[in-house]
Amino acid sequence: MKRKLLILLCCVLPMEAVLSQEIIPDKIALPRTHTQDVSLLSEVDLLSVNPKVDSIITNGIKNEAFPGAQVLVAEKGKIIFHKAYGFHTYDSIQPVALNDLYDLASVTKILGPLPALMKLVAEGKLDLDTPFSTYWKPWRGVKNKETITLREILAHQAGLKPYIVFLNRVLNKNGKPKNRFVKKERNKRFEKEAYDGIYVKDRFKLKMYRIINRSEVSSEKKYVYSGLTFLIFPELIQQLTGIPYEDYVTTHFYAPIGAKTLGFLPMSKRLSNRIVPTEVDTLFRHTVTKGWVHDENAALLGGVSGNAGLFGTANDLAKMMQLYLDYGMYDGERILPKEIVKEFTKVQYPDNENRRGLGFDKPLLGNASLLFSEAYPAPQVSPESFGHSGFTGTFVWADPSNQLVYIFLSNRVYPSRNHRKLYELNIRPAIQQVFYNVLANSS
């Protein structure tokens with residue numbers, strides 16, 4: 001009866017929002033040993049959620065916020081809602097599937113280098129309040145950088161430049177690639193592949209590091225989001241551990257929790273999952289970017305980076321966020337120390353009007369008192385909650401106080417990054433708020 005009602009609710013929607021797949025609530029896809037707590041969300045509650053979420057997504061597709069999307073919500077370690085909507089592209093040929101792989105963009109920051117940095121802090125190989133130049137030698141003796149701490153960097157409180165477009169160093173004024181940096185065929189000095197048939201000079205990453213090392217630093221210590229150090233964290237992690245960055249995070253985090261799809265360079269792996277395309281690139285690759293990282297800086301590093309480049313499914317993202325929600329525990333196994341995860345997920349500089357944790361995004365300060373249009377993310381998330389967003393249209397959030405994990409995946413940059421309806425329509429927090437409204441009415 002419940003499934004018939006779900007189908008009936010979906011059938012009244014406009015055809016633009018084709019419901020590709022759904023997971024029936026109560027299907028346990030996270031660890032069965034996680035908890036025996038009773039869910040606050042009853043079957044009746046979940047049935048009332050369906051049309052509301054469907055309507056928001058339908059409106060998004062109709063207004064070309066994205067051609068398709070996926071929503072997953074877990075409560076107390078149990079997936080209670082997981083649905084896929086629409087298509088990979090606006091030609092409506094390939095429906096979105098629950099096990100599709102997405103380019104996670106900046107969500108990479110909290111799922112790639114960040115858990116490694118947490119582990120290194122726990123092991124005493126890094127210290128949050130010791131100058132970063134202690135570990136990253138090129139910053140030693142550099143007047144504007146030698147005293148900056150890792151805490152300041154991860155809280156975006158260090159005064160670093162927000163972004164550097166390294167693609168400008170690779171292209172001529174006419175937009176053609178410089179032959180000394182990019183080749184069409186692989187050779188001994190050009191092994192890093194930015195896209196199929198585009199090979200970047202291996203030593204170009206050293207040029208990127210030099211530019212970052214010499215970049216300006218603001219003397220004003222305030223919240224300014226910067227992803228620059230996430231480009232060098234993989235190198236630092238390898239230096240401190242002796243293990244390549246991708247191997248390190250796979251061995252210590254993805255493999256233990258069974259997140260088999262999380263990783264870089266999905267085209268090089270034997271995965272049966274379809275990959276959702278991102279942008280029709282008119283600057284560098286001159287084709288639809290699919291299966292290769294969208295972010296140009298990560299692409300110039302060969303697709304393995306700390307700022308972007310991670311791909312994965314909604315279910316595997318939920319596993320990582322559940323690990324964080326449970327403060328480092330997963331399926332009875334201690335992956336990260338509780339006190340370390342708690343430190344990284346708390347607001348670091350509230351007196352500076354900086355909402356950020358260490359690497360993690362946090363709700364706006366005073367979020368609960370703000371109007372929905374002014375809040376970030378949904379107004380009713382707890383102050384203890386945390387997550388991150390991605391440029392391609394991805395979003396992950398964990399709320400320990402309410403035991404909720406929320407995953408939203410889309411390719412809002414298709415066919416162009418100029419598509420900003422995802423933000424203008426406030427789609428991600430609107431869906432998130434639907435579940436908090438139900439929780440409020442159930443308690």
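**Pockets, then a strand**

Reply: Helix 7 (204-213), helix 8 (233-241) and helix 9 (245-257) each give at least two residues to the lining of the second largest pocket. Helices here are DSSP runs of H or I with at least four residues, strands are E runs of at least two, both numbered from the N terminus. It's a predicted model, where local features need pLDDT of at least 70, side-chain atom pairs count only at pLDDT 80 or more, and totals for chains, interfaces and linings use all residues. Residues are numbered from 1 along each chain as its sequence is written, and side-chain values use heavy atoms, with hydrogens and water left out.

Me: How does that lining divide into nonpolar, polar and charged?

Reply: Eight nonpolar, two polar and five charged. Nonpolar means Ala, Val, Leu, Ile, Met, Phe, Trp, Tyr, Cys and Pro, charged means Asp, Glu, Lys and Arg, and the others, Gly among them, are polar.

Me: And by class, what's in the lining of the largest pocket?

Reply: 23 nonpolar, eleven polar and eight charged residues.

Me: Switching topic: how many residues of strand 13 are buried?

Reply: Seven of seven, across residues 404-410. Buried is under 20% relative accessible area, exposed over 50%, partly exposed in between (1.4 Å probe, protein chains only).

Me: Which residues sit on each side?

Reply: Leu 404, Tyr 406, Phe 408 and Ser 410 are on one side, with Val 405, Ile 407 and Leu 409 on the other.

Me: In strand 13, which residue is the bridge partner of Val 71?

Reply: Phe 408. Strand 2 (residues 68-75) runs antiparallel to strand 13, over seven bridges; pairing takes at least two DSSP bridges.
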